[in-house]
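Here is a short tour of one protein model. Keep the sequence and the structure in view as you read.

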Amino acid sequence: AGQWVVIYFYPRDDTPGCTLQACDFTASLKDFEKLSAVVLGCSPDSSDSHQKFINKHNLKIRLLSDPSHRMMEKYGAWGEKTMYGKIIEGVIRSTVLINPNGKVAKHWKRVKAKGHTDAVHKLLQQLQAV
């Protein structure tokens with residue numbers, strides 16, 4: 001409460017796209033903190049997996065474990081998606097920006113890992129300038 005929250009949902013620890021995204025958010029963390037924002041990553045991986053991922057890549061963001069998919073389902077980050085031409089059920093890479101009052105300010109429903117951190121930061125700057 002009282003601060004901006006960025007929650008990004010990703011499929012799996014230590015995979016190429018997920019690593020890129022986690023490293024980008026880590027590299028930009030100070031910029032988000034200057035805007036009074038906390039960054040959280042969420043996947044179905046275990047806490048042990050997250051800890052290995054954090055240690056391997058020196059991540060500074062907090063990672064949440066959601067093996068039951070409850071949180072992901074509430075934010076529309078779990079469901080059908082197309083992977084290699086097949087429809088499967090899994091994590092939908094997405095991001096939610098929550099304002100200091102606890103309301104969703106923006107929901108990116110399907111994102112690409114590359115460059116997404118910059119888009120989130122830019123919107124956060126714009127929302128705070130208003």
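The axes of helix H1 (residues 16-27) and helix H5 (residues 116-129) come within 9 Å and cross at roughly 40°. H1 is therefore oblique to H5. Oblique is what remains once angles under 35 degrees (roughly parallel), over 145 (roughly antiparallel) and 65 to 115 (roughly perpendicular) are set aside. Axes are lines fitted to C-alpha atoms, for helices over the stretch in contact, with angles from 0 to 180 degrees between N-to-C directions. Helices (H or I, at least four residues) and strands (E, at least two) are DSSP runs, numbered from the N terminus.

This is a predicted model: local features need pLDDT of at least 70, side-chain atom pairs count only at pLDDT 80 or more, and totals for chains, interfaces and linings use all residues. Residues are numbered from 1 along each chain as its sequence is written, and side-chain values use heavy atoms, leaving out hydrogens and water.

Which residues meet where H1 contacts H5? Gln21, Asp24 and Phe25 in H1 meet His116, Thr117 and Val120 in H5. Contact means heavy atoms within 4.5 Å. The residues of this contact divide into 2 nonpolar, 3 polar and 1 charged. Ala, Val, Leu, Ile, Met, Phe, Trp, Tyr, Cys and Pro count as nonpolar, Asp, Glu, Lys and Arg as charged, and the others, Gly among them, as polar.

Buried means under 20% relative accessible area, exposed over 50%, and partly exposed in between (1.4 Å probe, protein chains only).

Gly79 sits in strand E4. At 12% relative accessibility, Gly79 is buried. Gly79 and Gly90 are 11 residues apart in sequence, yet 5.5 Å apart in space, C-alpha to C-alpha. Leaving out residues up to four places away in sequence, Gly79 touches Ile88, Glu89, Gly90 and Ile92.
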